[in-house]
Amino acid sequence: MSRIGKNPIALPQGVEVKVDGNVVTVKGKLGELTQELSSDITVKVEDGTITLERPSDSKEHRAAHGLYRALINNMVEGVSKGFTKELELVGVGYRASNQGQKLDLALGFSHNIILDLAPEVKVETVSEKGKNPIVKLTSHDKQLVGQVAAKIRSFRKPEPYKGKGIKFVGEVLRRKAGKSA
């Protein structure tokens with residue numbers, strides 16, 4: 001049995017869920033998200049909880065059951081609380097700044113990298129003296145925040161010897177010993 005799929009999703013105050021055929025729409029204070037479901041999975045909204053049911057115990061139905069429950073839960077959490085990813089720039093001369101939705105990264109290349117972000121993602125850069133610059137990404141869409149964070153990280157992945165590059169705050173890197181003298 002899918003342990004995740006069986007769990008009901010509690011709806012916080014101010015969150016509305018509308019099921020129209022196989023499209024689920026979740027609306028909250030931070031925004032609105034929609035997700036198209038497989039036609040096999042049925043969604044029921046009753047007195048402040050959402051439950052998902054599957055027609056059989058086949059492998060495809062079990063997988064879809066847990067997947068769509070997790071996706072809908074992320075939508076509910078996103079429109080009520082939001083999601084935040086923090087990236088840390090480790091390296092001498094690595095800088096980050098933003099003007100509105102344009103993120104300007106100096107990562108040791110000949111030119112700065114300028115990234116236009118989607119309007120749903122709010123970006124904030126923190127640069128304190130003596131500390132590594134931090135880029136904070138916030139949105140109600142978990143998938144979009146993760147995708148943007150992965151794109152920024154891909155510009156300069158952390159290397160295993162000195163740890164230079166862009167890493168997630170709290171990420172533990174596998175370090176290697178350098179040449180021994």
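User: Which residue in β6 is the bridge partner of Ile-9?
Analyst: This is a predicted model: local features need pLDDT of at least 70, side-chain atom pairs count only at pLDDT 80 or more, and totals for chains, interfaces and linings use all residues. Residues are numbered from 1 along each chain as its sequence is written, and side-chain values use heavy atoms, leaving out hydrogens and water. β1 and strand β6 (residues 49-53) pair in the antiparallel sense over two bridges, where pairing takes at least two DSSP bridges between two strands. Within β6, the bridge partner of Ile-9 is Ile-50.

User: Three strands form an open sheet in the order β1-β6-β5; which strands stand at the edges?
Analyst: Strands here are DSSP runs (E, at least two residues), as are helices (H or I, at least four), numbered from the N terminus. The pairing in this open sheet is antiparallel, with the order β1-β6-β5. Each edge strand has a single partner, so one side of it is left without a neighbour in the sheet. The edge strands are β1 (9-10) and β5 (42-46).

User: At about what angle does α2 run to β6?
Analyst: α2 lies across β1, β5 and β6. The angle is between N-to-C directions on a scale from 0 to 180 degrees, with axes as lines fitted to C-alpha atoms, for helices over the stretch in contact. Against β6, α2 runs at about 160 degrees.

User: What does α2 reach from its first C-alpha to its last?
Analyst: Helix α2 covers residues 59-80, which makes 22 residues. The expected span of a helix is 1.5 Å times one less than its number of residues, and for α2 that gives 32 Å. The model comes out close to that, with a reach of 32 Å.

User: What separates the C-alpha atoms of Phe-83 and Lys-142?
Analyst: Phe-83 sits in strand β7 (residues 83-90), and at 11% relative accessibility it counts as buried. Not counting residues up to four places away in sequence, its contacts include Leu-137, His-140, Lys-142 and Val-145. Phe-83 and Lys-142 are 59 residues apart along the chain, yet their C-alpha atoms are separated by 6.0 Å.

User: Where does the largest share of the largest nonpolar core come from?
Analyst: A nonpolar core is a set of buried Ala, Val, Leu, Ile, Met, Phe, Trp, Tyr and Cys residues joined through side-chain atoms within 4.5 Å. The largest one has 20 residues, and Leu-89, Leu-103, Leu-105, Val-135, Leu-137 and Ile-152 touch the most other members. At least two residues each come from β7, β9, β10, β12 (134-139) and α3 (142-154). The largest share, five residues, is supplied by α3.

User: How many residues lie between β3 and β4 in their hairpin?
Analyst: Strand β3 (residues 23-28) and strand β4 (residues 31-36) pair in the antiparallel sense over six bridges. Gly-28 has Gly-31 in β4 as its bridge partner. The number of residues between β3 and β4 in the hairpin is two.

User: What radius of gyration does the chain have?
Analyst: The chain holds three helices and 13 strands, and its C-alpha trace spans about 65 × 40 × 25 Å along the principal axes. The radius of gyration is taken over C-alpha atoms, and the globule rule is 2.2 Å times the number of residues to the power 0.38. A compact globule of 181 residues would come out near 16 Å, but the chain has 21 Å.

Methods. Buried means under 20% relative accessible area, exposed over 50%, partly exposed in between (1.4 Å probe, protein chains only). Contact means heavy atoms within 4.5 Å.
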